[in-house]
Amino acid sequence: MKRIIAYDFGENFIKKYFEWLIVELNNASLEMIASYSPFESAKLIEEKTYYVNLQESLKKIFRKAFLKELNMNVNQIKDESDIENYEKLYSILPRSLPQELKKELQKDIEEIIINSCSKNVAFQLWLKGRINTYKFSDIKADLETENLSRHKNVFRLIKTDYERKEIIKILINKGNWSYLFDIVASYLKVSNGIISNFSLKEKLYNSEFWEDKIGEDIVEFIIDEIENIDNQKLEVQLFQEGYSNRYSKEFVYATLEHYTINELEKFIVDADEDFLVKVLKKRIELLQEVYDLCDTMKLGFQTLSPEAFQKLDEHSLKTLDSAIYFELWIEGLVKNLPKRHIMLLLDNNIEKYEEILTLINKGFVKSQVIEELMYEKLLSIEKVDDRKKFYTILNLIQKLISFNSSWTDRISKNDNGVFNLILWFLEKRQDFDFDLLKSKFIYFKPDSQVVIFKRLFLLKAKDLFELDIEKLKEIKRASIDIYSLNKKLNPDIPLDLTTDLIIESLDSYDKNGKFLVETQLLSIVLRNLYGDKKRQFRIENYFEKCKGRLEADYNWSNQMGTIKKIPFGEGKFYFKIKFEYNERLVEEVRRLPGRKWNENQLFWGVPSRSEEEVLEFARRNRFFLDIEGSNYANNTHFAEFMRKNQPNGITFCEGRVANKDHNTLKKKFWWCANQPCFGNCEAIHETEEWRDYTLLDFCKILGFNVDENSKYGFFPNGIYYQYISKVNRFNRLLERLYCNSCEHILYPVESSNYAAYTTVRFSCQNDKCNERGKMVYLNHCLNGICNSIIDSRVSKTCKYYDHPDFSGLYICDSCGSCCSDNMLSRRLENLKLTGGVIHPELKIKVEEKLGHLERAEYSCYKCGESMMEYSSDKFRCDSCNVEYNLDKFRLKHPHKHLRRNDYPRANKDE
């Protein structure tokens, strides 16, 4: 057409063409019209007069076809919420259209969409910019939901600030201020093209910043709304969030407990000091946690003048718990001396004084200040009627003296009997009031009672105090009387158990020449319970502890040579001394009378007349004597003595000196637990060793003779050692004398039928225990070396297979011992002597020698069945995995030939 229009007939041709085209396209489809590109062709005659009419005609034809196509597509959308298909309607519009026509057609699309789709789709299309028409009522309704990104777009897309202000009011009424500020901040940032980080709260009140910026009117409107708020809580909230520069101080003060320290800091930035002091004082009253109070005091220190902070500090001292104020003081956050708390630390608990010493060492407080507080506390205690007050005084005096010895005189000048008694106890005074000691002895802790008791004997030994049994009993009587009068204030044991036992022991020996028997020991224990049935007792403090048996071990190493007897002629011999060359030994041998060097056989010969010198040479130089007799007896110089484990059940040294030296070692020894010990631990102590005094020292100081004269000979202190043996045995019994279920102590049930111990049957008497009344048999193992306690809760009884109706004895879980002929025979003789009931069964056991020990018949303590014999010293129950190794006990089985034929043996050929 561009070429045709250049000819003379071209214009007339084109005019006729468009006339034809208009007729042709009048009812054509949109697709057909678009294929002709009529608007592109019409531009060729854009300068012609009829162009305008042509354009209008083409627009009408195109719009008619477009609307037909558009309506047809709309009718095909069955779901009015199908936003995707509504968006596709815009694709019907060809791109190459006159701009004016395109706008008209877009309005047609928008109008038909609005008329046919749901409100939600229309709203979504508006948000996407597809349509420009919206209903503000729909926008306000949409604000009921929260969708921050969508509402940011809504706020930006709406056309007027009036509508924006309406949105602001709606969000304010909802109380959703943070949501509102996010939306407005986004609008202001996008509208003004602000690229950098933008904080509305920082710029909100900066009027210069908003000059000439889009949204200035919106900012002013928001500020007006904030300033017109009539809600103190909201006002404070907006202030905290940085969107308001004012708040109600009264409201903040009234609701102070709701704010953290960081929030509080915002309130006090520009607050006057009086308000700040008022707020901090109330906060101190409200808070309980130390870390919160630390922050509060730090804030006060940072913001208040020194004078105002001093007022706050004084308020804290009066208001806070003394322990809390003390912690703040330790942190350096308060300045006043926490006298109240320090005074509380000065009590009966000695460990708290370490805390005070730490304060002094770290420079928190001077020693002189603490000393004066301690002295003030000391003088404030008037009546001493319980152990806590007593030990508060004791601790104060002890610590004051440790600070400065001059306190001794200052305390003494008070002429206070309790003060002076404690000074005597601390060895700062020589004199003491015995009557006052009696009345306060109960208040000393058990270990201190022991020290006092021993010190009284020291004074007796030095003839500085007339101590006798009656005075000791007075201490005991006074203690029990005070306890009885005041149980609630003194719930602890009033008298050390062993101290009580020692007093009773000395009294018994003074009256009867005998110490206590086991039933008396048990009576003392039960008497010392004082309501606490679970108290675990053990006799100690006044006896020399066993350090282990001193035994001889032969160390055959490092032998320097050998010495033999070489016979020559009848009844004659000489000593052959042989060793590797050693210059020192050669010089010593040369000093032996009659020695000669045998150069051929390289040994020294010494005549028999020099036997004494040769034997001394051997002992001195570790030469092995290879002569007739036992190597052990001949070479005792190779024996090295060392402490080994304590014998089973031996806590305190009970060894009695033998009447002669040891046969082999030719050395003094003590008999302990049926074995020799070559160094007992018991000794008479000198006065400077008074803290180590034992019952034996007490006996000597009181003039008691505890030597034993019997048909077996004279034994120095023998009566005493018999008693120690009894104490050791009783201590072992005490370990088992508690209920396995409730842990209460067991009480005696009945006296035994003249057994070795009067009481062997016990039971729990706790009304709340499911084991109440159940009999428990406790006795010592008949094997003197074993020394274990036989407990019916652990062990079964043995069986007499030839007499299945006979009752057996409980089996020792350590060595397997149960019954023996010796024990059964002694039992029978005792019953005959005492007139006790003799059961026919006992007679048969003795007559037929049924004792299992002598027969080497062992039973398992777990199941009661016979043990398999693997060797003469090894028995085992494979069912219960129980084994007895008897080699250390050296037991004899003289009636093994009487053992029943079916006794189980691993090697039946033996």
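Modeller: Helices (H or I, at least four residues) and strands (E, at least two) are DSSP runs, numbered from the N terminus. The model is predicted, so local features need pLDDT of at least 70 and side-chain atom pairs count only at pLDDT 80 or more, while totals for chains, interfaces and linings use all residues. Residues are numbered from 1 along each chain as its sequence is written, and side-chain values use heavy atoms, with hydrogens and water left out.

The loop you ask about runs between strand E18 (874–877) and strand E19 (882–885), and Asn 881 is found in it. Although Asn 881 is not a glycine, it has a positive phi of about 60 degrees. Its relative accessible area is 58%, so Asn 881 is exposed, where exposed means over 50% relative accessible area, buried under 20%, and partly exposed in between (1.4 Å probe, protein chains only).

With a relative accessibility of 61%, Lys 666 counts as exposed.

Strand E8 leads us to Val 657, which has its place in that strand. Val 657 counts as buried because its relative accessibility is 13%. Leaving out residues up to four places away in sequence, Val 657 touches Lys 668, Phe 669, Trp 670, Phe 715 and Pro 716, where contact means heavy atoms within 4.5 Å. By contrast, a separation of 40 Å lies between the C-alpha atoms of Val 657 and Met 775, which are 118 residues apart along the chain.

We can now turn to pairs of helices. Helix H18 (residues 273–286) packs with helix H20 (residues 306–319) at an angle of about 20 degrees, their axes being 10 Å apart; axes are lines fitted to C-alpha atoms, for helices over the stretch in contact, and angles run from 0 to 180 degrees between N-to-C directions. H18 and H20 are therefore roughly parallel to each other, given that angles under 35 degrees count as roughly parallel, over 145 as roughly antiparallel, 65 to 115 as roughly perpendicular and the rest as oblique. Their crossing is right-handed, a term used if the near helix is turned clockwise from the far one by less than a right angle, and left-handed if anticlockwise. On the H18 side the meeting residues are Glu 273, Val 277, Leu 280, Lys 281, Ile 284 and Glu 285, and on the H20 side they are Ala 308, Lys 311, Leu 312, His 315, Ser 316 and Thr 319. Sorted by class, the contact of H18 with H20 has 5 nonpolar, 3 polar and 4 charged residues; here Ala, Val, Leu, Ile, Met, Phe, Trp, Tyr, Cys and Pro count as nonpolar, Asp, Glu, Lys and Arg as charged, and the others, Gly among them, as polar.

At 4% relative accessibility, Leu 320 counts as buried. Apart from its neighbours within four places in sequence, Leu 320 is in contact with Ile 284, Leu 293, Tyr 325, Leu 328 and Arg 340, and Ile 284 is one of the H18 residues that meet H20. Leu 320 and Leu 287 are 33 residues apart in sequence, and their C-alpha atoms are 9.1 Å apart in space.

Asp 821, Leu 824, Ser 825, Arg 827, Leu 828 and Leu 831 of H38 make the contact with Leu 842, Lys 843, Lys 845 and Val 846 of H39. By class, this contact has 5 nonpolar, 1 polar and 4 charged residues.

Finally, consider Glu 588, which is found in helix H33 (residues 583–590) and counts as buried at 11% relative accessibility. Not counting residues up to four places away in sequence, Glu 588 touches Phe 617, Arg 620 and Asn 621. With the side chain of Asn 621, the side chain of Glu 588 makes a polar contact (3.2 Å); such a contact is a pair of N or O atoms within 3.5 Å, where within protein one must be able to donate a hydrogen and the other to accept it, and residues adjacent in sequence count only if both atoms are side-chain atoms.
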